[in-house]
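The following questions and answers go through a few side-chain contacts and one annotated span.

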Amino acid sequence: MSIDDQNMPTFQKLYESAPSSRQVAKFVTAATLGATLLFLSALTLTGTVLALIIATPLIVIFSPVLVPAGITTLLVVTGFLVSGGCAVAGITALSWMYNYVQGKHPVGADQLDYARNKLASTARDVTEKAKEYGHYVQHKAQEVTHGQGY
């Protein structure tokens with residue numbers, strides 16, 4: 001048995017476990033892209049910090065104007081967003097009602113029908129109990145009036 005025969009399985013294992021050229025290309029591409037993006041991130045951070053250092057005196061000088069302007073802008077944007085949201089909700093509700101009236105069975109129609117039927121049956125029950133109680137009170141009133149001899 002020679003030295004080459006003993007080392008053969010080791011070289012074969014190394015050859016089989018070596019990454020393919022496709023894996024190497026993926027790694028190199030990812031590393032290059034990652035390094036480039038990391039460099040751009042650092043450059044952007046540096047620029048932002050320098051701009052903040054330069055702009056800080058101007059922000060301090062103009063803050064009596066900028067703060068109310070920022071608050072006003074925030075309120076106006078919030079108002080527009082709320083108004084748009086309410087408009088979208090209203091249009092959605094009108095569309096749902098139109099589809100429901102047309103019999104197209106929109107989402108949630110089953111729950112609405114169940115609630116309507118439950119409310120109607122409860123209203124019928126209350127009406128019946130009120131009629132029964134009305135008859136009972138009328139009967140008692142007649143007994144009281146007949147008992148006194150009127």
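Q: In which helix do Lys-140 and Glu-143 both lie?
A: The model is a predicted one. Lys-140 and Glu-143 are three residues apart, about one turn of the helix, and the helix that holds both is α3.

Q: How far apart are the closest N and O atoms of Lys-140 and Glu-143?
A: A salt bridge requires a side-chain nitrogen of Lys or Arg within 4 Å of a carboxyl oxygen of Asp or Glu. Lys-140 and Glu-143 form such a salt bridge, with their closest N and O atoms separated by 3.7 Å.

Q: Is Glu-143 buried, partly exposed or exposed?
A: Buried means under 20% relative accessible area and exposed means over 50%, with partly exposed in between. Glu-143 has a relative accessibility of 40%, so this residue is partly exposed.

Q: How far apart do the end C-alpha atoms of residues 74–98 lie?
A: UniProt, in an unreviewed entry, places the feature "transmembrane region" at these residues. In the model the span is 100% helix and 0% strand, and its end C-alpha atoms are separated by 36 Å.

Note on methods. Residues are numbered from 1 along each chain as its sequence is written. This is a predicted model: local features need pLDDT of at least 70, side-chain atom pairs count only at pLDDT 80 or more; totals for chains, interfaces and linings use all residues. Side-chain values use heavy atoms; hydrogens and water are left out. UniProt positions are given in the numbering used here, feature names are shortened, and annotations may be inferred rather than shown by experiment. Helices (H or I, at least four residues) and strands (E, at least two) are DSSP runs, numbered from the N terminus. Buried means under 20% relative accessible area, exposed over 50%, partly exposed in between (1.4 Å probe, protein chains only).
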